[in-house]
Amino acid sequence: MKKISLLLLLCVLFSVSAVLAQDVSITGQVTSAEDGTSLPGVSVQVKGSTRGTQTDASGNYQINAGSNAILVFSFVGLGAQEIRVGNQSIINVALTSDDRTLSEVVVTGYGTQSKRNLTGNIAKISGAEIENVPVTTFEQALQGRAAGVQITSLNGKLGQGMQMRIRGSSSVTASNEPLYVLDGIPLTSSDQGTSTAPQNPLADINFNDIESIDILKDASAAAIYGSRASNGVVLITTKKGKTGKTKFNASYQMGSSTPTRLRDWLNTEQYVELFSEAVNNSIALGNLPANYLTGSTYSRFTRYAAGDEEGWRNSKFDTDWQSEAFQKAPMGQFDLSASGGDARTRFFVSGQYLDQKGILISNTFKRLSGRVNLDHKATEKLSLGVNVNLARTENGRLSNDNAFSTPLQIVALPPMTPVIDPRTDQLSGNYTLYYNPLLNRDFSSNLSTSYRTIGNVYAEYKFANWLKFRSEWGTDLYNLNEDQYFGKETSRNTGAPNGQGFSSWAQITNYTTNNFFTMGTTLAEVHDIDATVGMTFQKSDATLNQVTGQEFPSNSYTKIISAARITAGSSSATNFSFLSYFARANYRFANKYLFSVSGRVDGSSRFGENNRYGFFPAASAGWLISDENFMKDIPSLSLLKLRASYGLTGNAEIGNFDSYGLYRGDAGYAGVPGQRPEQIENPDLRWEQTTQTDAGLEFGFFGGRISGEVDYYVKTTRDLLLNVNVPGTSGFRTQLRNVGNLENKGWEFVLNTENVTGAFTWNTTLNLAANRNKILNLDGQVIEGGFINRAVEGQPIGSFFSIEYAGVDPQNGDALYYVNEERPDGSLDRSTTNDPNVAQRTVIGNPNPTLIGGISNNFAYKGLELNFLFQGQYGNDIYNGGGKFQSANGDFFDNQTTDQLNRWRQPGDVTNVPQARLFGANGTAESSRYLQRGDYLRLKTATLSYTLPNTISSKIKMDRVRLYVTGQNLLTFTKYTGWDPEVNADYLAGNIGLGNDFYSAPQAKTIIVGINLGF
Amino acid sequence: MKHIVRNKFSLSLIAGMLSLAACTNQLNVEPVNTIDAGAAVATSGDVEALLVGAYDALGTTDVYGGNLQRDAELLGDNGEIFFDGTFVAPDEIFRKSMLVNNSQSSETWLDSYRTINIANNVLANLDVVTSGIRDRVEGEAKFIRGSLFFELVRVYGKAWGDGTPASNPGIPLILTPTTEITEEANVSRNSVAEVYAQAIQDLTDAEAKLPAANGFFATKAAAAGMLSRIYMMQERYADAANAATRVINSGRYSLVAAGDVFDLRVNQNGFNTAEDIFAIQITDQDGVNSLNTFYGAAEFGGRGDILIEDAHLDLYEADDLRGTLFYEGDNGGIYTSKWLNQYGNIKVMRLAEMYLTRAEANFRTNASVGASPAEDINLIRVRAGLAPVSAANLTLAGILSERRLELAFEGHLIHDLKRTKSNVGSLPYNSPKLIFPIPQREMDANANLQQNEGY
């Protein structure tokens, strides 16, 4: 019934508009005065009437009006213009921006759209917001700025991989990272290095080149990316030249970093006290021989004290090992750009040099980047251009968090061990409890250098005002060289007595072409139609070569050419391709009723012969309620828009050959070639499918001084790609299958307010998002990660699943655990046991925050500006996998955190730290003992800047002089007692491995000063 | 339309686009590093390569690459060594307090069955093997499979002498290759007796079909030697003595000088001595000597995790050359020299064991198959620089002690203790703590498995 009445309404409106169409037809194009680009979605109204239209995707419009009529051109964020028609039939208009510039145009896949007309959910962050934030990669700069986007640095190592989750995790086994697209070209964004600590290829991007970042979150926005869109899509658009005189921008910033927090460790006296007690307790329990303290233990202490008994008896040596893991961390960054152009050709060129030292010893990051963006209008119809980015990034890397050689594992060394062995005047070496990571600082190097070329050429041909064709050909060439040398001093760690060298080259070549038509027209003044249809093809080839050599004549020789023995070498390759067709149509009726449909057919080499192509459709609608006549009486209301979308996206981010039954020829033995079965075939393997429903309300009051949006979404993923555990007796461990489903549900809230306007301004931007991830069905599979993470049906992904610590028995100091066995009536047995094998595992925590958000405040008075961004998350837990070593009440000789001094000592003691027992395993089982709340609120970025008044800057021939101070991670509010609540141990990080801490370095607290010069 | 037809530029663009669209075959991307399973085993050479793959799997650290042997010593130890390392799994084994999720329990299980599956693939494709070598290939695959059934059943099941082998749960017997995962993959445990019977059958077939000489791969003697171990576990002493005699009488192996038994070089590729019956081959290119990893000091490429305590060192008589097979590491700890060379081979079986086995078996049955117990024992003693012991003074305890000293840290300890029903510290030989748990991941993946007592 509804359908019919709508149809009827359409017919009526058609005929009405036909009647009105007696006046002159006026056409024209609306462009931005700023840079000459066309503006789609500009409202064109006949003043004093209800007649109006909008510009199409190319900024063109057509309207009928009498010669006395006045046309009003308006666009959110731009100053409106009124033009009398007179005898003109072509009226071209250039709108100038008010202070919000073009932020109201959002980039969609294969096009742009005005925010007003958008029926999907896209979060936009302008490049200006993240400019000059003192971090190495743009994702870090985005933290806290977009609703529903959770970004986590794994640890405080520079250049390290990141995790980004847009509206939660939608997969258990396939990637949960979004698709990154830079100027239309999908980027290589996943780790390509050989270390288990992921390296971030996106760190090659100089984010001062970025004009805007648009994050496609709902199905309507993302479905145009089909099988690659389930995790959201991040569209990065780089800066374009602007018509006018050539403008130069130079900036320099310098500063330094320190760890956000340090932990407290035992000193020598405390260490000797605790461990002597631990030994005595174990002797008393009959677990160690009676002379173990005075014999084995004291000789061990003396050994650790470089053979000097005084070292531990009188604290002659009392080393603060933690401080040795850190270094002075200065940074400097220089940026230079020029942009300009004439009516036909515009350009933007930029260069950057960043040189930063990390807070951890030997951790460095250098980036040299250059960009040229060129746009040329060959004829009225043909325009073409090129974007090229060259970058070289050199990252001094560290071992993963699980390695003895990673700097922070140094805290395990007993405090009575001196840094320098007085017997040799060298760094303490083989006699230490564990390998001394300082040896790596002095006698090894680990450099990852990437050479990156990201570029594309395009041509756009305008067949008619309503039709154009665009072809883009792009490439992302990523070359990664890892070069490592470990001197003979590190042999305890490498196992190579006379040095070890490693070199690898990875080359990932990514070709993409996008070819599409864009159409846009207005029919009978009230029907606005835009459409996009096209195809895209991507092919990616990757090759990896690596070689390992040992036996070097001396540390002066570090390349493998000097290795007397080549111990390993290999070359390998892999590839994948996607062939896709896409289409999208937007329809607006009377400028108030918005409809959009899109779809993509995706084919991928990654999937089984039986399921090679998939179709991903989406539909959405919007209603601009505030434009209805009945709402015009509410003057305080400037915008009220209701929108809803529904659609299907996919996730194809699995291995390239996961559907095949495979044999591998790497099973040679003692020089005789061999092969082995590697993988069981699954020809039915297909995409994960995510259906997403989104409903949103956008609002604005008081001429936009208060604006915002609220969204609610439900994202259901089915056919989960699961590495299903199969019985190991089959000879295989897992098989990738489409099994099970999960759900993400949540709401997002964005509020922008202009609290004070005038000479002094105060603006606030708040975003909050709550997401609840729930695994609905895994077909009984147990999928584990991290230390105790698990995918459990009915629980959020990566839930901590282990036994529950019940504290300490006040009578005997035993660590206790809840039995938690389910009784026949379904209740849990809450009695306690000291045997961790008796205690049943249960869900003890959730690594996913239930609430994330950010709030940014901006104060400005004349040239003075203060901006601070708080970012935080709430409701997540962190598991410290290092707890069983660091805070183990003297279970082994690792130095302990000072809280272990609160151990149980005598009957009646009430404490959470069990009795100290050397080798006693008293409370060291993985359990909730090492689980803590991970909530935090952090002053992420604070900037105070001063722009010199024009009168002064012009005297020194400058357009603009700005001085600023920025602090990153200045304050952190958390109850987590580890180093830093923003953590996920690098070698465990994954879909399931979430919220783990394992000697993971804290984030850096950075303070910089900088200057921008415009001339 | 006129525009389109007239404009060469746009024509070429569209032509390009259409031609690309036609390139659907661009989606047929072939794997590069791997090959399709269907094409992998077509020729005799393919099956032989697969057989090599089975050795490669057999030699991984979690199987004969060292962890099986390491864990037998850790689990059987009572104060002669000390596990000083940080790895949780071996530490739990050393402390006799394994948790159900002990990762070594899981890895030993998974990698052993992976090896068994490769052997099963070889056995299922014997028809394409050149007839001249078919027996050898079959014998090698059965040697590998039978040996692993035996290793697994003594790790995950009760000892033969503990209760009723016919009803004690052993491990699942898998005799066919896996081509797809179906409900049938959810296998149950066969009884201990069934597993022993299958292992004996595999190894008996292997002994019959293997050649006497086969490079460093399995030989007739290796199969016979493995059988002697099984018979000892079953207290079938006459059979054990006969099997050991077949190895000794093959004439292919000989005892080497005391200083040459173990590879005391450093960082050089391993080799087999005349005494080695079967050894995992390690080179600096391929394979990891996990015994070096755990027993070797840091300066020799190890983790230095297993320290030798005085309680062990005190067992050697003053002149015992084997008592010199120890060194002090840079960190002050005492280590065994047996696994000094990180690229040295891992001796799974050597001739000395056969003499010790035959001596014990003959002694227990009061027989002299091949030689008298004293003759066999004295071969070992004299080589170690010790005085021979007279037949009259020879005791079972003496034979067992000789065996312990000769084969220390080679992976025999817990099995010898179990078959002789000896305590491990305060734990009786049949304590559930001395049996690995069925891995938690396997219990979770297969509902038909029964967990061991105590887990």
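The dialogue below turns to chain A and then to chain B.

Tutor: This is a predicted model, in which local features need pLDDT of at least 70 and side-chain atom pairs count only at pLDDT 80 or more, while totals for chains, interfaces and linings use all residues. Residues are numbered from 1 along each chain as its sequence is written, and chains are lettered from A and ligands numbered from 1 in the order in which they are written.

Student: How many helices and strands does chain A have?

Tutor: Helices (H or I, at least four residues) and strands (E, at least two) are DSSP runs, numbered from the N terminus. Chain A has 12 helices and 56 strands.

Student: What share of the residues of chain A count as buried?

Tutor: A residue is buried if 20 or more other C-beta atoms, placed from the backbone, lie within 10 Å of its own. In chain A, 55% of the 1015 residues count as buried.

Student: Into which domains is chain B divided?

Tutor: Domain bounds come from an automatic or database domain assignment. Chain B has domain 1 (39-210 + 415-445) and domain 2 (254-284 + 300-411). Their centres, taken over C-alpha atoms, are separated by 24 Å.

Student: How many residues of domain 1 of chain B are in contact with domain 2 of chain B?

Tutor: Two residues are in contact if their C-beta atoms, placed from the backbone, lie within 7 Å. Here 17 residues of domain 1 of chain B are in contact with 17 residues of domain 2 of chain B. On the domain 1 side, α4(B) gives the largest share, four residues.

Definitions and conventions: Buried ≥ 20, exposed ≤ 12 C-beta atoms within 10 Å, placed from the backbone.
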